[in-house]
4 protein chains.
Amino acid sequence: MKTFFCFLMLLGCISSSAQQTDQLPNGEWQLTSIELKIPSAERLMLTVSGSQVSGTLYRDGNRIAVSGNVEHGNIRLVFKDGDEENIYVGTISNGTMSGTYTATGKDQKSSGEWNARRAATDKPAQPRTVDFRPTEFHRTLSADVPPVMRIWPGDTVRTSSVDAGGQDEKSVQRVAGGNPLTGPFYVEGAMPGDVLAITIKHLRINRDWAESDSGLVSRALTIDYAAANKQKWDTTRWHLDAENQVATLENAPASLKGFSLPLHPMLGCVGVAPGPYSAPLSTQDSGDLGGNMDFSGISERSTLYLQVNQPGGLLYVGDAHARQGDGELNGNALETSMDIEFTVAVEREKSIDSPRVENADYVMTMGLAGSLDSAFREATSAMAKWLQADYKLSASEAAIVLGTSMEYNISEVADRNVGVVAKIRKSMLSALIPAK
Amino acid sequence: MKTFFCFLMLLGCISSSAQQTDQLPNGEWQLTSIELKIPSAERLMLTVSGSQVSGTLYRDGNRIAVSGNVEHGNIRLVFKDGDEENIYVGTISNGTMSGTYTATGKDQKSSGEWNARRAATDKPAQPRTVDFRPTEFHRTLSADVPPVMRIWPGDTVRTSSVDAGGQDEKSVQRVAGGNPLTGPFYVEGAMPGDVLAITIKHLRINRDWAESDSGLVSRALTIDYAAANKQKWDTTRWHLDAENQVATLENAPASLKGFSLPLHPMLGCVGVAPGPYSAPLSTQDSGDLGGNMDFSGISERSTLYLQVNQPGGLLYVGDAHARQGDGELNGNALETSMDIEFTVAVEREKSIDSPRVENADYVMTMGLAGSLDSAFREATSAMAKWLQADYKLSASEAAIVLGTSMEYNISEVADRNVGVVAKIRKSMLSALIPAK
Amino acid sequence: MKTFFCFLMLLGCISSSAQQTDQLPNGEWQLTSIELKIPSAERLMLTVSGSQVSGTLYRDGNRIAVSGNVEHGNIRLVFKDGDEENIYVGTISNGTMSGTYTATGKDQKSSGEWNARRAATDKPAQPRTVDFRPTEFHRTLSADVPPVMRIWPGDTVRTSSVDAGGQDEKSVQRVAGGNPLTGPFYVEGAMPGDVLAITIKHLRINRDWAESDSGLVSRALTIDYAAANKQKWDTTRWHLDAENQVATLENAPASLKGFSLPLHPMLGCVGVAPGPYSAPLSTQDSGDLGGNMDFSGISERSTLYLQVNQPGGLLYVGDAHARQGDGELNGNALETSMDIEFTVAVEREKSIDSPRVENADYVMTMGLAGSLDSAFREATSAMAKWLQADYKLSASEAAIVLGTSMEYNISEVADRNVGVVAKIRKSMLSALIPAK
Amino acid sequence: MKTFFCFLMLLGCISSSAQQTDQLPNGEWQLTSIELKIPSAERLMLTVSGSQVSGTLYRDGNRIAVSGNVEHGNIRLVFKDGDEENIYVGTISNGTMSGTYTATGKDQKSSGEWNARRAATDKPAQPRTVDFRPTEFHRTLSADVPPVMRIWPGDTVRTSSVDAGGQDEKSVQRVAGGNPLTGPFYVEGAMPGDVLAITIKHLRINRDWAESDSGLVSRALTIDYAAANKQKWDTTRWHLDAENQVATLENAPASLKGFSLPLHPMLGCVGVAPGPYSAPLSTQDSGDLGGNMDFSGISERSTLYLQVNQPGGLLYVGDAHARQGDGELNGNALETSMDIEFTVAVEREKSIDSPRVENADYVMTMGLAGSLDSAFREATSAMAKWLQADYKLSASEAAIVLGTSMEYNISEVADRNVGVVAKIRKSMLSALIPAK
């Protein structure tokens with residue numbers, strides 16, 4: 001968070017100086033380098049002094065010093081990335097830059113085109129609350145979908161999602177099923193290598209029914225149980241009672257007549273677009289960029305942290321559940337449409353291994369992998385790293401905290417990736433000394 | 001539970017009749033059949049009418065009808081186990097029986113010796129509270145160790161355990177480390193195929209220190225984390241403050257100066273002896289017979305259910321922890337000696353797949369296996385079976401309850417078996433209709 | 001195979017009849033139903049008698065009887081899919097049909113548009129050998145890429161692939177790395193629910209170098225080994241000697257001076273496009289549609305069987321390896337460009353769970369999953385199903401064959417999915433009686 | 001191997017000197033230290049010069065320098081084990097020593113008794129061939145069973161084993177089933193920290209039948225396959241034809257009438273006793289000490305390497321299979337009795353992580369663990385360590401060999417531990433330079 005504020009101050013200074021010398025490339029840029037048709041965007045901070053240019057490029061989690069010169073609308077930037085000497089030459093015109101580059105390393109040489117545009121600077125004085133009624137829904141997390149809206153950190157968005165099967169609050173089928181999502185939202189200032197923090201302010205059912213299933217997914221069964229109990233995959237329909245905040249089975253069998261579930265609305269899918277070298281991710285899948293995590297802790301008053309891979313982050317939300325048991329053992333939870341209100345923040349230049357979640361009581365790390373054993377390793381190691389970084393603990397000190405205080409959730413086992421959540425009560429950490 | 005009471009009534013009738021005709025084999029017997037030197041014990045209920053004998057043998061979870069006759073101290077019993085015709089012949093003398101048997105099946109024939117002794121009938125009118133100060137400790141769950149004490153269902157035992165390293169409440173090294181346990185306790189009336197219920201009434205620290213470690217076990221680490229953070233396995237010593245019920249690090253590094261842990265005493269090991277065909281189990285291992293489960297939920301006011309494999313169950317307890325984080329990530333928890341008070345009950349003729357735990361809030365099933373994925377399957381399927389049996393639910397109905405209401409703990413990943421605990425809040429089940 | 005031939009005969013009859021009455025919808029059609037913008041294609045066989053139409057729709061592995069009528073260019077088709085009554089109405093014009101449909105089930109109703117075009121009938125009299133020089137390469141298996149070529153079953157294609165990093169036989173960087181593939185090839189007659197058989201006739205290196213790496217992937221390491229041996233991920237460059245068919249390290253360290261590897265060219269990626277409801281698959285990933293399987297057995301004179309999900313299959317090939325150890329433990333194998341010659345066949349209306357491979361010696365099934373344990377289950381069960389189907393074995397009989405004769409390969413552990421190959425020598429099966 | 005020979009030479013010198021001064025403790029000793037009733041044995045080499053004693057203790061894989069003095073039958077030995085100062089005092093009498101010891105470390109102090117006896121020196125001039133007809137069989141690997149025979153490295157033992165169910169070559173039931181083994185054999189000179197090499201010289205069936213099963217074990221099945229194909233666990237009986245070396249089903253169903261299996265005799269169980277702090281291991285289980293590995297490669301002309309944990313190693317053999325498919329998918333292989341001829345060697349002071357196997361074509365490492373993923377990690381990392389040690393390769397160089405040349409077997413998935421075998425053809429290693 002410190003980094004974040006100090007950067008904003010720096011940004012302030014640069015901006016004011018840039019206003020004085022409009023033609024000079026002072027300030028923050030989105031630099032896009034295009035190699036073999038694939039564009040990679042990075043944050044570039046430049047300061048001009050006479051014809052000399054100095055600055056910083058944020059690449060792959062590192063700040064790289066940039067030097068160069070600018071004259072008569074021509075710019076030349078030079079920096080070293082590992083053993084690779086990079087030379088960018090081009091021209092400035094109307095507040096954008098473009099040109100060609102070469103990157104020459106010990107063993108190989110590459111080249112391509114580049115362009116740059118100024119980071120947006122029209123941040124509203126006050127955070128806004130904006131409404132967005134979705135008309136299209138998306139079944140992949142993709143960087144190729146035009147953003148539905150540009151928002152600033154601090155802004156609040158009020159929107160809604162259709163259910164996992166594509167039906168909206170009026171039970172109208174709006175899109176094919178498979179977790180169609182609302183978005184993407186472009187967050188100004190979010191660049192690859194930053195972290196996007198999404199806080200769910202309100203999450204409320206907006207219709208009176210949900211659907212689920214009556215079988216147990218394969219990963220939940222022993223061979224003996226599976227052989228003895230053939231799973232029947234009938235749709236179960238639940239009545240949602242908003243007033244009492246409970247769900248009950250429609251057409252309940254005698255044995256489940258009184259079975260009543262407290263509602264606990266949550267978002268099954270929150271994710272950002274993948275980086276330029278990655279394929280779009282199905283919204284039935286999950287990974288470092290979030291997606292279909294199906295974790296019941298992604299609910300009202302929780303904050304989800306995701307690594308940004310594209311300018312603006314490109315945030316998608318949906319797949320709301322009125323309630324879900326841990327593991328999402330029926331393959332579906334109580335799938336329904338939902339009204340969603342969220343706000344975003346950006347933590348600049350921060351690296352997290354996998355999604356993190358925070359609420360009033362807990363800090364949490366998610367492991368998303370092809371087996372519980374792998375997901376467990378990822379969640380646990382991510383928590384160790386988090387504590388080491390945030391409280392300047394040695395590996396042994398972090399180990400002591402984890403060994404005495406860790407708790408776990410198994411969020412879901414219904415999809416290609418399973419999820420394990422490692423969590424520590426904030427009260428256990430209250431005596432530790434935050435870094436800096 | 002119904003089964004249990006009805007049997008006691010039956011037992012009552014038989015007993016009173018047996019008192020009248022002392023020489024006749026009326027009543028409940030422990031039948032031991034010895035094949036190839038291996039003795040297997042089973043419950044045999046007999047009723048004599050004239051020279052005719054009828055009864056029931058409880059074998060492998062089934063009740064098998066027995067018929068036969070008795071005359072002049074000679075007895076002959078016949079029953080069919082699957083396709084195997086069993087004939088037991090022998091003599092009665094001084095309240096015991098013995099002889100030889102043959103079992104003839106379609107493809108094979110076996111034979112051996114047998115003997116039987118009357119089930120104990122001297123149950124105290126009132127449950128007793130007995131004290132036991134251990135002088136020896138055991139590092140395997142074994143049927144070969146003579147019981148330290150015979151107790152009846154309902155009795156309460158007050159005893160103590162040394163810590164996992166073998167030190168007692170006075171910090172005296174009593175035995176080599178590796179989870180040395182107190183016991184075994186012989187529970188009258190517990191026979192193979194029954195379930196032993198152990199309720200922990202009190203569990204209290206009895207010294208002011210505990211030991212743990214400063215590394216994370218291999219199963220908790222990603223390869224990247226392990227390569228970047230070499231684990232240091234130093235012993236950490238904790239001060240236990242009984243008055244405030246907290247633990248603090250002795251010689252705490254600056255960063256953990258104020259780190260204080262609420263105590264939560266638990267038993268890392270509770271187990272029974274294995275069956276006659278199984279090897280003794282190391283107390284560092286776990287399985288269907290319990291053992292080193294390291295589940296923090298096995299604490300005061302919880303009840304653990306274990307399948308009985310030997311007459312008397314042969315119950316061992318120990319490896320107490322003043323506190324343990326989920327996963328037991330340091331390999332050791334806060335290992336210490338403990339005062340233990342527990343009571344036992346026997347649920348006759350009941351089959352459970354794996355250990356169960358119950359407390360005021362939850363019903364829980366444990367999966368203990370070589371990977372989290374396998375343990376998860378076992379815990380989940382065991383819960384489905386439990387609900388199907390106890391609430392007469394179909395597989396689909398059980399699936400609906402699990403899918404909406406399941407929670408999980410990862411109890412430990414420090415030993416050969418890992419543990420996953422599936423749990424459902426009793427409040428979620430309150431509207432269901434218990435079977436019969 | 002029987003199924004295949006009998007269908008061709010049927011097709012023959014229909015075709016000849018269709019030639020006589022050109023305007024009538026006799027024959028084989030590609031029916032495309034569009035629901036909520038998503039088109040699903042299926043094979044539809046129609047026979048007209050007067051104004052009556054009868055036929056068969058192949059959907060989800062089942063043949064569904066279709067009836068209807070046609071008059072004055074208007075057509076109406078009716079069929080039942082489970083409990084859903086489907087009604088398709090539309091018009092015929094210039095050899096294509098189009099219209100709207102409704103599907104009415106017990107609980108729900110859907111509708112959409114449809115169109116149909118005749119299956120191609122211009123099969124060449126003799127199989128052809130065609131050359132294709134790729135100019136573009138693709139980093140996803142996608143149905144959205146226009147086919148580069150239409151081929152018929154029996155045709156042979158001679159083409160080439162760039163290496164996994166995007167360099168061609170002249171060491172020219174043609175495309176960004178990440179397994180860029182050649183294709184897609186459209187195979188006439190291949191429809192969803194069919195199986196595409198790809199036989200590699202020749203696979204030959206076409207340059208004198210390959211690249212690999214010097215580290216071991218995380219899945220191959222124990223925590224202890226990883227902590228003691230930091231992996232160094234340097235590129236290793238290999239000289240490929242076509243004459244002697246060996247590879248040797250360029251700049252070999254002293255200890256590996258004489259280390260020489262027999263070449264064994266193989267294709268790391270062979271795959272088809274996913275179905276309409278699935279996202280494109282990264283060519284670094286694998287699944288039922290093949291993809292980056294990295295199995296050294298996909299080499300000259302082997303046949304790979306893949307389930308078809310799109311009309312024409314849409315076949316992609318590439319990621320050739322001059323040699324690969326099992327597991328592909330370095331993340332990369334000996335990556336190089338390659339000349340490829342393959343032929344295709346179509347087995348109509350056949351369902352396989354996962355990719356199959358066959359060569360002169362073995363039948364093989366592949367398990368591709370997020371853990372070796374899951375991949376092992378998939379490969380083994382797929383083999384049991386294969387034997388049951390092809391030799392009319394009961395489950396027990398198949399179990400006996402597997403238990404006595406199974407062998408396994410671990411194809412790769414370097415990607416998101418790992419691969420386990422179950423294989424049985426054909427000689428072990430020689431005494432079994434093929435079904436029909 | 002070098003180490004081995006140089007030690008023998010050293011031993012030679014010491015022995016001859018010891019003959020001159022019989023009362024002095026020159027030479028090799030088995031030192032047994034007893035702490036808290038648990039005896040640990042170690043090799044102690046002593047040289048006396050005047051009243052000064054110097055020597056080496058081999059403990060936990062390290063050679064520790066020992067100094068001390070001896071006078072009038074009193075001996076005092078001092079050495080440092082980490083930060084622990086060890087003082088052993090005692091007396092010598094009749095070629096044995098005994099006394100008490102203290103070990104004082106920074107934080108803790110322990111003490112106990114010790115005794116020592118001379119290593120046997122009556123090695124026969126020529127290796128012998130000895131016959132052993134077993135009369136008892138053992139269902140655990142245990143250090144508590146008196147050895148049946150003492151043999152020297154180089155000796156050949158001709159013996160036999162009953163089948164896994166306890167029946168011998170005459171179909172006589174000799175013992176209860178569950179892999180009863182022949183042994184233990186005490187190998188002179190083998191001490192904890194050494195490696196025992198067992199070479200199977202002959203392995204021949206000695207009766208005409210074997211038994212197996214008709215189901216597939218749970219680990220081999222997907223949930224879908226298990227639900228669709230209930231496994232039937234009938235015993236299958238096979239006729240063994242020694243002349244033609246094939247097995248055929250007795251009472252074969254029509255579909256398996258001609259199904260004939262080439263025999264490939266192997267030992268399912270070869271193991272040594274566990275160390276003093278470990279529980280006996282069931283012969284249905286496996287681990288670092290071998291046991292029920294069920295690897296078809298443990299067959300004629302192969303050598304198995306096991307870490308020694310007890311003086312003499314205490315070697316057990318049995319559970320022979322006339323043939324087994326990889327995975328041992330039926331739970332049983334073709335279980336039969338067998339004539340066994342083996343020889344042993346001892347590699348002194350060598351540490352291996354898990355069992356190794358070698359034959360004419362391959363070097364192999366075994367991973368034995370609770371999941372295939374874990375077993376795979378163990379086998380692969382063990383091979384990397386082997387190559388690094390034997391060919392003085394860096395981690396990267398070993399990685400290159402593994403990545404290009406590794407092959408794998410899945411030995412078995414039928415027991416608590418599964419087995420993965422990593423193997424490299426010796427021909428691939430022929431160009432590498434053996435260490436020293």
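Colleague: What area is buried between chain B and chain D, and how much of that do carbon and sulfur atoms give?

Modeller: About 1,500 Å² is buried there, with carbon and sulfur atoms giving 52%. Buried area here is the accessible area (1.4 Å probe) that two parts lose on being put together, summed over both. This is a predicted model, where local features need pLDDT of at least 70, side-chain atom pairs count only at pLDDT 80 or more, and totals for chains, interfaces and linings use all residues. Residues are numbered from 1 along each chain as its sequence is written, chains are lettered from A and ligands numbered from 1 in the order in which they are written, and side-chain values use heavy atoms, with hydrogens and water left out.

Colleague: How many residues of chain B and chain D are in contact?

Modeller: 21 from chain B and 21 from chain D, where contact means heavy atoms within 4.5 Å.

Colleague: And how many salt bridges are there between chain B and chain D?

Modeller: Two, each being a side-chain nitrogen of Lys or Arg within 4 Å of a carboxyl oxygen of Asp or Glu. One salt bridge has Arg416(D) and Asp285(B) meeting at 2.7 Å, N to O.

Colleague: Switching over, how many residues are in contact between chain B and chain A?

Modeller: 63 on chain B and 63 on chain A. The buried area for this pair is about 5,300 Å², and carbon and sulfur atoms give 64% of that.

Colleague: How many salt bridges does the rule find between chain B and chain A?

Modeller: Zero salt bridges.

Colleague: OK, how do the helices H3 of chain A and chain B sit, in distance and crossing angle?

Modeller: Helix H3 covers residues 372-391 in chain A and residues 372-391 in chain B; the two axes come within 7 Å and cross at roughly 115 degrees. So H3(A) is roughly perpendicular to H3(B), a label used for angles of 65 to 115 degrees. Axes are lines fitted to C-alpha atoms, for helices over the stretch in contact, with angles running from 0 to 180 degrees between N-to-C directions. Helices (H or I, at least four residues) and strands (E, at least two) are DSSP runs, numbered from the N terminus.

Colleague: Which residues meet there between H3(A) and H3(B)?

Modeller: Leu372(A), Asp373(A) and Phe376(A) meet Leu372(B), Asp373(B) and Phe376(B).

Colleague: Last one: where does Glu300(A) lie?

Modeller: In the chain A loop between strand E22 (290-292) and strand E23 (303-307). Beyond its neighbours within four places in sequence, Glu300(A) is in contact with several residues, among them His202(A) and Pro265(A).

Definitions and conventions
Angles under 35 degrees count as roughly parallel, over 145 as roughly antiparallel, 65 to 115 as roughly perpendicular and the rest as oblique.
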